[in-house]
Amino acid sequence: MSDDRLIVALDVPNALQGLKLAEQIGDAVSFYKIGLGMLTGGGLALANELKAEHGKRIFLDMKLFDIGATVENAVRGLAQFDLDFLTVHGDPYVVKAAKEGAAGKDLKILAVTILTSLDRQDLDGALIKDGEIRDLVQERAGKAFDAGADGVIASPQEAALIRALPEATGKLIVTPGVRPTGAALGDQKRVATPAIAIKDGADHIVVGRPVWQATDPKGAAQAIIDELAAL
């Protein structure tokens, strides 16, 4: 039985491989993420097919970032596809523009705080202000909520801090950087297990490579669902 707290990232090159993987996993998973890497490989077509023909929920991970008018127009165009989640960068003006573009639709706008592949050294290289990452993530989350975001994207290591914010009441926390016990970290630097992420306040966890690189993707997904069920 599926559990939509688990979102499987279809981080494969094209829609044909994505559809094949979704068919392998079958009814074990009800929620999929399609990201920027598949955009030129038929990602939007796959999103529509999984939604309309297979009854799956879809998280479109585009991390939109531009001037407000451009973000608003882009989101308005994407909102017509009846998808579930869409990411934008967490700058307040971007969030506000995205919410304008999604007006009248059920599409949830999720604000990216700080990517889970980044550490303090990376932020220094990008000239991001001083401070502990956890504090910066919490601050960005609060500002995104104030700007109207339906939820935020943050690592599982910051989920509890964000959930404690008064502004987080009724908001979604979605955590990438989740790795089952024993799984390789890959390029992720701020990680936790599925159970810990949920216990710390996440509503949904995003897992990619530990599922689609497994010899038995359906079994790998089911193992995560079983871990969540044990909570």
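In this predicted model, helix H1 crosses helix H10 in a right-handed manner. H1 covers residues 15-25 and H10 covers residues 217-229, and the axes of the two helices lie 8 Å apart. The angle at which H1 and H10 pack is about 60 degrees. Angles of 65 to 115 degrees would count as roughly perpendicular and those under 35 degrees as roughly parallel, so H1 and H10 are described as oblique to each other.

A closer look at this pair shows which residues take part. On the H1 side, the contact is formed by Leu21, Gln24 and Ile25. On the H10 side, Pro217, Lys218 and Ala221 complete the contact. Sorted by class, the contact of H1 with H10 brings together four nonpolar residues, one polar residue and one charged residue.

Lysine 63 is not a glycine, yet its phi is positive, at about 50 degrees. This lysine 63 sits in strand E3, which runs over residues 57-64. How exposed is lysine 63? Its relative accessibility is 31%; since buried means under 20% and exposed means over 50%, lysine 63 counts as partly exposed.

Aspartate 82 is the other residue to look for: although not a glycine, aspartate 82 has a positive phi of about 60 degrees.

Key. Residues are numbered from 1 along each chain as its sequence is written. This is a predicted model: local features need pLDDT of at least 70, side-chain atom pairs count only at pLDDT 80 or more; totals for chains, interfaces and linings use all residues. Side-chain values use heavy atoms; hydrogens and water are left out. Axes are lines fitted to C-alpha atoms, for helices over the stretch in contact, and angles run from 0 to 180 degrees between N-to-C directions. Helices (H or I, at least four residues) and strands (E, at least two) are DSSP runs, numbered from the N terminus. Angles under 35 degrees count as roughly parallel, over 145 as roughly antiparallel, 65 to 115 as roughly perpendicular and the rest as oblique. A crossing is left-handed if the near helix is turned anticlockwise from the far one by less than a right angle, and right-handed if clockwise. Contact means heavy atoms within 4.5 Å. Ala, Val, Leu, Ile, Met, Phe, Trp, Tyr, Cys and Pro count as nonpolar, Asp, Glu, Lys and Arg as charged, and the others, Gly among them, as polar. Buried means under 20% relative accessible area, exposed over 50%, partly exposed in between (1.4 Å probe, protein chains only).
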